[in-house]
Each structure stands twice: as structure tokens, then as C-alpha cells.
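Let's take a walk through one protein model, starting from a single residue and ending at a sheet. Keep the picture open as you read.

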Amino acid sequence: MMDRTHRVRRRVAATACALALVLPLAACEALTPGSATAVPGPTAVPSSTAVPDGDVTLRLQFADAPLMVDALIAAFEKGHPGIDVEPQYKSFSDYVQNLRLTMTSDTAPDIAQYAVGMTDLAADGHVLDLAPWREAYGWDEAVPPVSLDQLTGGRTSEATGGRALFGVPAGLSMTGIYYNKELARRAGIEAPPKTLAEFEEQLAAAEDAGLTPLGVGALDSGGLHLWAALLNQLMPTDAYWDWVNGKKGATMENPAAIEASELIVEWGRKGYYNESANGTAQVDSTAQFAKGDSVFLINGNWAAGQLATAMGDRVGFFPMPGEKADSPTVASGFSVSYAVSSLSRHPEAAGVFLDFLTSPEAGQIISDNGFLPPNPDAVKKPTGVLADIADGHRRAVADDGITTFPDFAAPAMLDRLRSGVQKLIADRVTPADYLDSLQDEWEDHHGE
């Protein structure tokens, strides 16, 4: 039986903190990362959509798809010469780790990419409730309801009485497997696999052909995307959502998660990963794949624009297959969305930028960079690897199989996932101990 002593100690400490009312409140906060002494509640944007006179500069901080963001900014500024948007790119891990500090500082950006912890920031009044603009800009007609529902934080807007809204999507995402068609043929692989077992056979075929089977950028997010892709095929989707959403009694210590974690270890032992996978960033694994360093690559559709440009028709994409050929298509994904800081001096100008993201012009830029535009009917039909991604996403949506990323389970979960999967790849932790560490973090955030 796994040792739970450290969990009991945490619960005892939390109880003691609640009882010791004579102690400063900060002592309790030390046991609850991200807690605050006062919760002012969400602040709504101005109802006006008018842009102030004069030149305005908006600072936008983000962590995904820099090529897409640059293209969106260029198109926006061309149509809005009085508004300059200054992009501030951060690596994903740094962005998430410092999000609370960034958004609560006096130098908070005007616009920030929606990420883990943003819901808590919104509840504390650091992110504006955009609900008054839903009708003013017509976002309910321009954006599918499912995309906006991910950004409500489960709250009712105090300003409108309807659903709150803490972000606007600029593109939908999903993870999956890219493959080099030329290298695949050299390994005797003629088509994407229909089952997980068939994919394992293809990895073995690539190894037998003297090729690197699978590129993984595990230094930041690539490893956890691989683990989540396997978990999506083996763990019931409802149980996974219960865990991510913090439902009482949910656990990641289950046979399906053990099996997914065991596969990570087994594939490492068989030499299926690129050399130095744990020291390779996701962006570098993508560049290496584009140069022909591996047959397959685990990544998201945010890499599609880069790969389509570099490889043309030589690259394809498929969602991680399930256990059976007729299994539902399940893949992790989330909208690349943007929120507005409550400290912004130009919220109306920020609203104009967010509204631009819902336009057909922006949708085409989003599609050209491998993301799924909120309104796919407003853009031309994609080709090549972009068409593969669009087809996979349609199947996942039809199967109700788009799940959010596992790090959304808790603000500090990303570090546990990243370091834990690195240890699985290096065969330095047992699957049981890895899952125990995830459940520890989950209970710290969702437990008593």
C-alpha cells in the first residue's frame, strides 16, 4: 500500500491553521498557494466599445504560436492605425509559472493568454469580465458556444446577470502525432495507424529500420502531451474530466493511468525516443523533426504552420489512435484565448483587438497557422497537414472527445507533470509513484 503519511500531515496542518485563529492569516496562506486575504470579485469591462482618441499601445503577453500572433497583430494594426500591439512572448512553462505574479503586478500586460490559474485571477478581480461585450460585439454569433463556455469560469456575470466571460478564443487546438511520410515509407509504414497497438508496431518498425521513431520535447510540455495522449485512449473521458475539474473522490491512481505511464517507460527502454528528449524543448523537437530526425513527433496543431512551410506534402498528422479501430477520437485541446487585465488603461482598445480575433480575416490567419478558427465556415478549406488536423478535430468534436490539458487540474500541476514524465522517460520513477505525486498535488488544491 502506498504511503499516505505526508498527505495526512498536510490535512493536520490545514486543520491546525483553521483552528489557530490567533495566528496571522498569512500562515494559513502558506498552505494554500494562490490564496488571498481579500477577494474583491470579478470586475466588468466598460459597456462602451468606443476607442479613445489618440494613439494607444497595448501590451500582449502570450506563450503559444508566435508566428500566428505576429500575423494577427500585423493585420489588426493595418486596419487600426491608432492602436499598436506590443507582443511579449514567454515560454509556456515560464508563462504559467509566473502568471499570478505577472497579472497582479503594476506592470501587468493589457492582454494576456488565458492559461491555468486565470479563473482564480478572475475571481480575485485581476481579469476583466467581458460579458457586457458579448452582445455589443455579437460574439455569441461569431464564436461557437462551446468555445466561450470554456472561458466562463463557471461564474455568473454581475454586470449582465448571464454567463461571465473571461477571454475570447483566437483558435482551437488539439494534440496528436505528426509523421514524416518519406521516413515512414522507408520503415515500411504506408498509412496512419488505426489502433494504439498498431502505432506501437510502427514505432518498432521505425526502430528496426535504424530510424528514430518518436520525437519528444520533454524539457517543457512535449512529454506531458505524450502521456496525456495515451491517457486519453485508456482512461474513461468522464473520469478524466472529474479529475481535472476537481470532483470529490476523483483520482489519477487508477489502472488506466498506470498503463499509460507504463507505456512511457516501456517506449523509453526500447529506445523509441529521440536522444536527449528530456533536454529538448518542444520547439526544438519540432525543428529537428522538420529536418528529418524522427519518423513521428508528438505535438499540437500550433506547430502545423511551421511544419507545413518546412515540409510541404511530406508531413501528415493523426490523433493518437484508441484501443480499437472504432474507438472514439479523443485528444487534449483548448482554445488559444486572450483575457484583459483589470489594470489595463485601455480596455476598450483591448476589446477592439479581441473582436478582431473573431473576424473572417483573423480566422484565415488562424487557419493558415494550423489552428482551428472559431468559425471554420468563414475560411477556405485547408489542404495538406492542415486538412489532416481539421479532419481529426472534426472527428474529436463529433465524438465529444476534446479534453482539456491535465495541468488544468491545479495551478502547480504543470511542474509535477513535466518533471514526472521526464523521470518516466528516463526510467527513474515507477508509474505508481509518479501518479501518487500527481494525486498529492491534486489533493493540495482540491482537498479539505
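## One residue and its neighbours

Leaving out residues up to four places away in sequence, Asn274 touches Thr212, Leu214, Gly215, Val216, Thr280 and Gln288; touching, or contact, means heavy atoms within 4.5 Å. You'll find Asn274 in the loop between helix H14 (255-269) and helix H15 (282-290). Helices (H or I, at least four residues) and strands (E, at least two) are DSSP runs, numbered from the N terminus.

Is Asn274 buried or exposed? Asn274 has a relative accessible area of 11%, so it counts as buried (under 20%; exposed is over 50%, partly exposed in between, with a 1.4 Å probe and protein chains only). A polar atom of its side chain lies 2.7 Å from the backbone nitrogen of Val216.

## Where the model comes from

This is a predicted model: local features need pLDDT of at least 70 and side-chain atom pairs count only at pLDDT 80 or more, while totals for chains, interfaces and linings use all residues. Residues are numbered from 1 along each chain as its sequence is written, and side-chain values use heavy atoms, with hydrogens and water left out.

## The sheet

Now look for an open sheet of 5 strands, with mixed pairing and the order E3-E2-E4-E12-E6. Strand E3 (83-89) and strand E6 (168-172) are at the edges with a single partner strand each, so one side of each has no neighbour in the sheet.

Inside the sheet, E2 (residues 56-62) and E4 (residues 111-113) pair in the parallel sense over 2 bridges; pairing takes at least two bridges found by DSSP. Leu60 stands opposite Ile111 in E4.

Methods:
Polar contact = N/O pair within 3.5 Å; in protein donor to acceptor, adjacent residues only side chain to side chain.
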